[in-house]
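Biologist: I'd like to go through this model with you. Can you put it up?

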Amino acid sequence: MTNSINKIKLGILVSHPIQYFTPVYQQISKNTQIELVVIFRTKVGIEEYHDAGFNQKLKWDTPLIEDYTHIFLSKKTILSGFENKIVSVLLEKRFDVMIIHGYNSLTNLIAIIIAKILGTKIILRGDTRINRHNKNIVLKYSKLYLFKLFNGFLSIGTLNKKYYQSYCIEDERIFYA
């Protein structure tokens, strides 16, 4: 699982720089047994931007991309679309382990498939809860199949853990994060 210099090559794929993840990335990068590369799909949040949810312009007052290795897949400042650079990055980096934030973008789905083909262990991090109103049987079975591709799941809380359990994920594959 480790490369020739005995470091675990860890890739983290996330949509964009997020202020509360920065300290986590900085701390992981200090670990001498881990070679971390954070892969951002877009540059949303680096510069001032309009947040539709808050209906106002936002600019973070803390550096978002300092003290850890990172790659931007695109210069886009929107979250939609496919970032084809993910293919070359994964082929070049050959991570031992990847944490992938969500499965709701084509970029992430392609990353999951490529990582699996390359033999990379993949871990899903999400914040989804059980939607009792969703009766879409095709979606449910698609997720059952998709989740079989993951080696582990990072749960952000009880409701997220119950979501994974509702898809028959064993407790030993769910880790609190």
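Biologist: What classes of residue make up the lining of the largest pocket?
Modeller: The lining has 12 nonpolar, 11 polar and three charged residues. Ala, Val, Leu, Ile, Met, Phe, Trp, Tyr, Cys and Pro count as nonpolar, Asp, Glu, Lys and Arg as charged, and the others, Gly among them, as polar. This is a predicted model, where local features need pLDDT of at least 70, side-chain atom pairs count only at pLDDT 80 or more, and totals for chains, interfaces and linings use all residues. Residues are numbered from 1 along each chain as its sequence is written, and side-chain values use heavy atoms, without hydrogens and water.

Biologist: Which residues lie nearest the centre of that pocket?
Modeller: Ser15, Ile18, His101, Asn104 and Asp127, out of 26 lining residues. A pocket here is an open set of points on a 1 Å grid over the protein atoms alone, where a 1.4 Å probe fits, with protein on both sides within 12 Å along at least five of seven lines; lining residues have an atom within 4 Å of a point.

Biologist: How much space lies in it?
Modeller: About 550 Å³, taken as the space filled by probe spheres set on the points, which are joined across faces, edges and corners.

Biologist: Which element gives the most to the lining?
Modeller: Helix α5, with three residues. Both α5 (158-166) and β7 (121-125) supply at least two. Helices (H or I, at least four residues) and strands (E, at least two) are DSSP runs, numbered from the N terminus.

Biologist: Staying with α5, is Asn160 buried or exposed?
Modeller: Asn160, which is found in α5, is buried, with a relative accessible area of 3%. Buried means under 20% relative accessible area, exposed over 50%, and partly exposed in between, with a 1.4 Å probe and protein chains only.

Biologist: What does Asn160 touch?
Modeller: Leaving out residues up to four places away in sequence, it touches Gly126, Asp127, Thr128, Leu154 and Ser155; contact means heavy atoms within 4.5 Å. A polar atom of the Asn160 side chain also lies 2.8 Å from the backbone oxygen of Thr128.

Biologist: New topic: α2. Which of its residues are buried?
Modeller: In α2 (residues 85-93), Ile86, Val89 and Leu90 are buried. They are on the same side of the helix, because they cover an arc of only 95° around the axis; the arc is that of the directions from the helix axis to the C-beta atoms. An α-helix has 3.6 residues a turn, so residues three or four places apart point the same way.

Biologist: What covers them?
Modeller: The cover includes β1 (8-14), β2 (34-40), β5 (70-72), β6 (97-101) and α3 (106-118). After α2 comes Arg94, with a positive phi near 50°.

Biologist: Where else is phi positive in a residue other than glycine?
Modeller: Asn55 is one of them, with phi near 50°, in the loop between β3 (49-51) and β4 (56-58). Cys168 has a positive phi of about 65° and lies in the loop between α5 and β9 (174-176). Both are exposed: Asn55 at 60% relative accessibility, Cys168 at 59%. Most residues other than glycine have a negative phi.

Biologist: And Phe150, buried or exposed?
Modeller: Buried, at 2% relative accessibility. Phe150 sits in the loop between α4 and β8 (152-155). Apart from neighbours within four places in sequence, Phe150 is in contact with Ile112, Ile122, Ile123, Leu124 and Arg173.

Note on methods
A polar contact is a pair of N or O atoms within 3.5 Å; within protein, one must be able to donate a hydrogen and the other to accept it, and residues adjacent in sequence count only if both atoms are side-chain atoms.
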